[in-house]
Each structure stands twice: as structure tokens, then as C-alpha cells.
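Hello,

Here is the structure I promised to pass on. Please have a look, then read my notes below.

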Amino acid sequence: MRIWHSEWLITTFKTAPPLLTLDTSQFIGETLEELDERLYQKIAAEMNLSETAFITRTNPSDTFATGSKFHLRWFTPTTEVNLCGHATLASAAALFLFEKNINSTVMFETKSGLLAVTQQKDGYLMDFPLNPPTKQDPNEFRDLVQAAVGNNPVQDVVLSSVTKKLMIRLSDSCDRSVLTSLKVDPVALLNAENSGRVKSLLITMKGSPECQPGYDFYSRVFAPWCGIPEDPVTGSAHTVLAAYWSKVLGKKIMTAYQCSSRGGELQLEVRDDGRVNIAGEVTSILQGTIRL
């Protein structure tokens, strides 16, 4: 068994120019049969980043340069996840940039269905499922809300049962600094919620579209249940956030900003067919080889 090669990619959704260290995702492919699942997890743990993506061919006669459809799986340092935006973006970019894939669009068969990434002049466009959340009784998650935002006023609590992402919306009376200054303890989150209903926590608030660059909403994402204390920029979270804010704001096209220390901007378009387009750019910083 041998690894074909591995690509380490830094990827960002149009992050502000001063931020040079961005969310990192990996792409790992192989020439023979699929690696043992335990080895996938060991490699992801060794990488110790938000997600490591593994690509395999769906058709043995295809190459990574000619194929238009591939299998794709994502692993955090501790577990496999059903959906990941950045590692999908990085995987497509590795195919286009390093393997010189001849197709304008590549498709990935995943645990979240078929995902498409299209190469554009100024970046890449991902076609993802939309995951609308449902309103919850805040008292059901009182301990988790307290651990996440303390005594700051909360306007809404919603849950996407499909993705197990709980979203806390801060009151519109809060300034953006309230969100950015939150000191969220991942251990406190784990202690507050161990029912299995929640695998990721999204904290969000309304933006200021009238001010340049005009963000419609802000967010931060914490997933210690999956081994990620805070995710820098999270495409999968925006399948929930976009569905929620599109309804609240009455908008199909939105610009969002994830307020992690690295930070990242996302261009979103909610479609009538129940899916969302997420636009992103990619910067590659390192290419290497793993030997087993």
C-alpha cells in the first residue's frame, strides 16, 4: 500500500489581505485501493488540523487529471465528519492546480451526497446542500448557552438536526466586539452538552451591510465534540447559517464573515432548489509526500 502524494493547502474565503495565516486543509490521494479507515484517522490525527480530506477515484480507468468524479471523505483529528467546506475546496484546488484536471467542474461523492466544485476565473464555487435549522426552547440548552456566551443577551437558538449544529444568535443590541471577544472554553462546552444532539456550536449575530465591506452576518464556530476547539472558517456551518439568515433578512445573496482569529469572508447564494453556492479562493503553501 502506498500513498500517491499529499498536498497541504491553506484555503480562505476572500480573507482580508492583512491576514496571511488562514484555515489549513489537506488533500491526500492514493493510486491503489482505498487505505484502511484506521489509517485515515491516524493520518488526520498526525496532521492535527481541522480536517484532512482523502480523495479516491470512482472509476479505476480515470486518472486524477482526467476524472470528473471522485470519492471524498473528511476526518478531524478525532473523528470522521459528514460535511466539510474548506477541505472540499482544498481537494478541488489540488486536482485543478497540481494534477491539472481537465474538467471545469469536479464532483465528489460524500456522506452528504454529491458535491460539485467549479473552477472560476477568480476562485472556486462550491455547490452544497442547505440545512435549515428549527427554533428551539433556549431552556433546553441553558447550560450550553451559558458556557458559550455567558450573560450576553441571546435573540434566538436554533438547531439543525441533520448536521447536529446548534446556532446561538446574539441580540441585535450587541456590538460585533461582543462576538469577537468571547472566550469560549471547549471543556466547558463538552461538560455542558454530552447528549449527542450537538456536534458543533455556531454563535452568530446580524451584520452591518450598510458599512463597507458590508457583511450581512458574523459568526464563530466551535466543535470540541469533533476535536476542534474553534474552526477558523467553516463552509459546512454556512449551510445552516445561510439558510437561517436568508429567511431572517429576506435575501438570497449574502456576504458573511467568520470572526475567528484568522478570519474569513464567504460569498453565499441561497438557491430555490434547496442548495447554497459558496464562493472561495485558495492559496497553496506546501506540497509534500507521506511515506508509510
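The notes below cover its salt bridges.

First, the ground rules. This is a predicted model, where local features need pLDDT of at least 70, side-chain atom pairs count only at pLDDT 80 or more, and totals for chains, interfaces and linings use all residues. Residues are numbered from 1 along each chain as its sequence is written, and side-chain values use heavy atoms, leaving out hydrogens and water.

Side chains of opposite charge can pair when their charged atoms come close. A salt bridge here is a side-chain nitrogen of Lys or Arg within 4 Å of a carboxyl oxygen of Asp or Glu. The whole structure has 13 of them.

One joins Glu109 and Lys69, at 3.9 Å from N to O. Glu109 sits in strand 6 (residues 105-110) and Lys69 in strand 4 (residues 69-75), 40 residues apart. Strands are DSSP runs of E, at least two residues; helices are runs of H or I, at least four; both are numbered from the N terminus.

Another joins Asp216 and Lys251, at 2.6 Å from N to O. Asp216 lies in the loop between strand 12 (200-206) and strand 13 (217-223), and Lys251 in the loop between helix 6 (238-249) and strand 15 (253-258). These two are 35 residues apart.

Is Asp216 buried or exposed? Asp216 counts as buried because its relative accessibility is 4%. Buried means under 20% relative accessible area, exposed over 50%, partly exposed in between (1.4 Å probe, protein chains only). Lys251, at 30%, is partly exposed.

Lastly, Asp273 pairs with Arg271 at 2.7 Å between the closest N and O atoms. Salt bridges link Asp127, Arg271, Asp273 and Arg275 in a network.

Best wishes
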